Amino acid sequence: MKNNKIKLKDKKPVYTEKFGIANWLTVTRLLLMIPFIAIMSTLFALGLTGTTFYYNGITLEGKGHKLPYSILYWLNVIIFIVAMITDFVDGYYARKTKTITAFGKIFDPIADKVATTLMLIFLAITRMTYLPVIILFIVRDILVDGTRIYAIKRNIKVQANIWGKIKTILISLAIIALAFAGPWLTDAKKDDGTENTILLFYVNIPLLIGLVFSWTSGIIYMFKYLKGIKKDIRENNTFEMDVNQDKKDNKSNDNKDDNDKNLASNGNENNNEDKSNEDKTNTVTVEAEKTDPNIQIDFSKTEIFE
């Protein structure tokens, strides 16, 4: 039994093309965002007509179509919770089976970002949180994801850090806390009848802390990605310089070989010319000897008379 547990722990992640349960859960999470967006759009339209809702104890208060507004609100909260459950289950299943798919690597983080961002926008529309906070979350994700995409094209990988994990857990808990506590705080009144906005700020503190962790992890990610990108650019430039230098060296060697061949060819031509001139000289000498009757030949120095 112990050996089986050890083998399971030592099992390395397996890349597979099979569209398993984890991927179907990811698809389900994305599909859940379709009714979520439809309900959020309806609540936004109702809000434009002046419709609001809040709770005074267990009593529903508000203006306009407060009952359908409250029903749609809690329906979206339930959809988000179900989406978060599918995220937990598909992550647990993937870790348990040690399986990794190309679809999961791409669409699982996309589904998480879509669900979280839409829920934050939903809370801002329903006046549970502050719009500038949501904008800062979105800007951070755009910067980090843009840097990550550029780094992936250069085959640069950066491991997740503890800041990112803390951010994810903190934001998820803060969103759920806001969703459940917000309806009792958006229109909270002081004893004198004025709005007690400080209570809504208190319940937003976990989300503000999550925003700090989000930007901290984002800056760390971008710094590591940019560091890897700069290193890759330096290595590419060095490689290109080496290739260019090799090309220059090869060209120089080719030119040297051509010069050596030319020199050798010129040398052969000169030797041939010298030999030709020598033959011509010898021929002229022989002919002169033949035509000049005064020239006496010493036959004793020839091989014939040895």
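The model is predicted, so local features need pLDDT of at least 70 and side-chain atom pairs count only at pLDDT 80 or more, while totals for chains, interfaces and linings use all residues. Residues are numbered from 1 along each chain as its sequence is written, and side-chain values use heavy atoms, with hydrogens and water left out. A search of the whole structure finds 6 salt bridges, where a salt bridge is a side-chain nitrogen of Lys or Arg within 4 Å of a carboxyl oxygen of Asp or Glu.

**Salt bridges around Arg 29**

- Arg 29, Asp 87, Asp 90, Asp 108 and Asp 112 are joined in a network of salt bridges.
- Asp 87 pairs with Arg 29, their closest N and O atoms being 3.7 Å apart, and this pair links distant parts of the chain, with Asp 87 in helix α3 (residues 66–97) and Arg 29 in helix α2, 58 residues apart; helices (H or I, at least four residues) and strands (E, at least two) are DSSP runs, numbered from the N terminus.
- Asp 87 is partly exposed at a relative accessible area of 22%, whereas Arg 29 counts as buried at 0%; buried means under 20% relative accessible area, exposed over 50%, and partly exposed in between, with a 1.4 Å probe and protein chains only.
- Arg 29 also meets Asp 112 in a salt bridge (3.2 Å, N to O), and because Asp 112 lies in helix α4 (residues 102–125) and Arg 29 in helix α2, the pair ties together parts that are 83 residues apart in sequence.
- In this second pair, both Asp 112 and Arg 29 are buried.

- Lys 113 forms a salt bridge with Asp 145, the closest N and O atoms being 3.3 Å apart, which connects helix α4 with helix α5 (residues 131–153) across 32 residues.
- Lys 113 is partly exposed at 26% relative accessible area, and Asp 145 is likewise partly exposed at 24%.

- β2 and strand β3 (residues 59–63) pair in the antiparallel sense over 5 bridges, and two strands count as paired if DSSP finds at least two bridges between them.
- Tyr 54 stands opposite Glu 61 in β3.
- The hairpin has 2 residues between its strands, and Gly 57 takes a positive phi near 75 degrees.

**Second largest pocket**

- About 150 Å³ of space lies in the second largest pocket; a pocket is an open set of points on a 1 Å grid over the protein atoms alone, where a 1.4 Å probe fits, with protein on both sides within 12 Å along at least five of seven lines, and lining residues have an atom within 4 Å of a point. Grid points are joined across faces, edges and corners, and the volume is the space filled by probe spheres set on the points.
- The lining includes Leu 43, Phe 44, Tyr 69 and Arg 127, and α2 gives the most to the lining, with 4 residues.
- By class, the lining has 7 nonpolar, 4 polar and 1 charged residues, where Ala, Val, Leu, Ile, Met, Phe, Trp, Tyr, Cys and Pro count as nonpolar, Asp, Glu, Lys and Arg as charged, and the others, Gly among them, as polar.

**Recorded transmembrane spans**

- An unreviewed UniProt entry lists residues 21–46, 71–94, 168–186 and 198–223 under "transmembrane region"; positions are given in the numbering used here, feature names are shortened, and annotations may be inferred rather than shown by experiment.
- Residues 71–94 are 100% helix and 0% strand, with end C-alpha atoms 35 Å apart, whereas residues 168–186 are 74% helix and 0% strand, with end C-alpha atoms 25 Å apart.
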